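Biologist: Please put the model on the screen. I would like to go through it by question and answer.

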Amino acid sequence: MPQSRREQIIREILARLAVAVSPIAVLRQPTLAIPREHTPAMVVTVESDAPVKRANDRMERELVVRLVALARDPVDGFAVADDLVCRAHAALMNDPTLGELSLGIAEMEADWQAEDADMEAVAIPATYRITYRTFVTDLTSKG
């Protein structure tokens with residue numbers, strides 16, 4: 001079964017992050033809270049995927065992906081989470097085409113939200129816009 005370009009891009013991002021932050025877990029859109037013993041962790045969430053421009057039989061699209069580095073460290077959770085964000089950023093920006101799956105990646109403003117459930121919890125976000133192209137009639141093919 002063929003995968004959409006969107007899914008191909010997401011899987012490539014997950015694979016690159018897994019290598020970059022190893023042995024830290026990379027989680028795709030977890031539906032349950034992440035237990036203390038499973039941190040640090042890198043969470044990947046798709047925020048949006050939108051068609052932005054049509055040219056003949058091709059559609060340019062923008063996929064917005066949010067990464068959140070989670071750490072619970074009584075000494076310096078900010079340092080642990082920041083290190084994960086830096087490693088993830090380098091992995092994505094090293095090849096902004098993601099192996100020719102996308103036209104490029106742009107870093108976006110990240111929305112910072114404090115978590116009050118755990119005094120030692122630190123969450124550092126990073127948001128990226130990935131531009132890619134498909135055919136209007138086929139989400140699986142590179143347009």
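Predicted model: local features only at pLDDT ≥ 70, side-chain atom pairs only at ≥ 80, totals over all residues.

Biologist: What length does helix 1 reach from its first C-alpha to its last?

Modeller: Helix 1 covers residues 5-21, which is 17 residues. At 1.5 Å a residue, the expected value is 24 Å. The model comes close to that, and its helix 1 reaches 24 Å.

Biologist: Which parts of the structure do the buried residues of helix 1 pack against?

Modeller: The buried residues of helix 1 include I9, I10, I13, L14 and L17. The packing partners are strand 1 (25-28), strand 2 (41-55), strand 3 (58-72), helix 2 (77-93), strand 5 (121-135) and strand 6 (138-142).

Biologist: How many salt bridges does the structure hold?

Modeller: Side chains of opposite charge can pair when their charged atoms come close. A salt bridge is counted when a side-chain nitrogen of Lys or Arg lies within 4 Å of a carboxyl oxygen of Asp or Glu. The number of salt bridges in this structure is 10.

Biologist: D49 and R6 meet in a salt bridge; how many residues apart in sequence are the parts that the pair ties together?

Modeller: The side chains of D49 and R6 meet at 2.7 Å, N to O. D49 lies in strand 2 and R6 in helix 1, so the pair ties together parts of the chain that are apart in sequence by 43 residues.

Biologist: Is D49 buried, partly exposed or exposed?

Modeller: Buried means under 20% relative accessible area, and exposed means over 50%. D49 has a relative accessible area of 24%.

Biologist: By about how much of the helix are E7 and R11 separated?

Modeller: E7 forms a salt bridge with R11, and the closest N and O atoms are 2.7 Å apart. An α-helix has 3.6 residues a turn, so residues three or four places apart point the same way. E7 and R11 are 4 residues apart in helix 1, and their separation is about one helical turn.

Biologist: Which residue is linked with E7 and R11 in a network of salt bridges?

Modeller: E7 counts as buried at 17% relative accessibility. R11 is partly exposed, with a relative accessible area of 45%. The network links E7 and R11 with R28.

Biologist: R129 and E62 also meet in a salt bridge; how many residues apart are they?

Modeller: The N to O value for R129 and E62 is 3.7 Å. R129 is in strand 5 and E62 in strand 3, and the pair links distant parts of the chain, 67 residues apart.

Biologist: Which residue does a cis peptide bond join to P40?

Modeller: P40 is found in the loop between strand 1 and strand 2. Another cis peptide bond joins S22 and P23, with omega about 10 degrees, and P23 lies in the loop between helix 1 and strand 1. For P40, omega is about 5 degrees, and the residue joined to P40 is T39.

Biologist: What is the phi of N56?

Modeller: N56 sits in the loop between strand 2 and strand 3. N56 is exposed, with a relative accessible area of 68%. Phi has a positive value here, in a residue other than glycine, and is near 55 degrees.

Note on methods:
Residues numbered from 1 in each chain as written. Heavy atoms only, no water. Helix = DSSP H or I, 4+ residues; strand = E, 2+ residues; numbered from the N terminus. Expected span 1.5 Å × (residues − 1). Buried < 20%, exposed > 50% of the residue type's maximum accessible area, 1.4 Å probe, protein only. Contact = heavy atoms within 4.5 Å.
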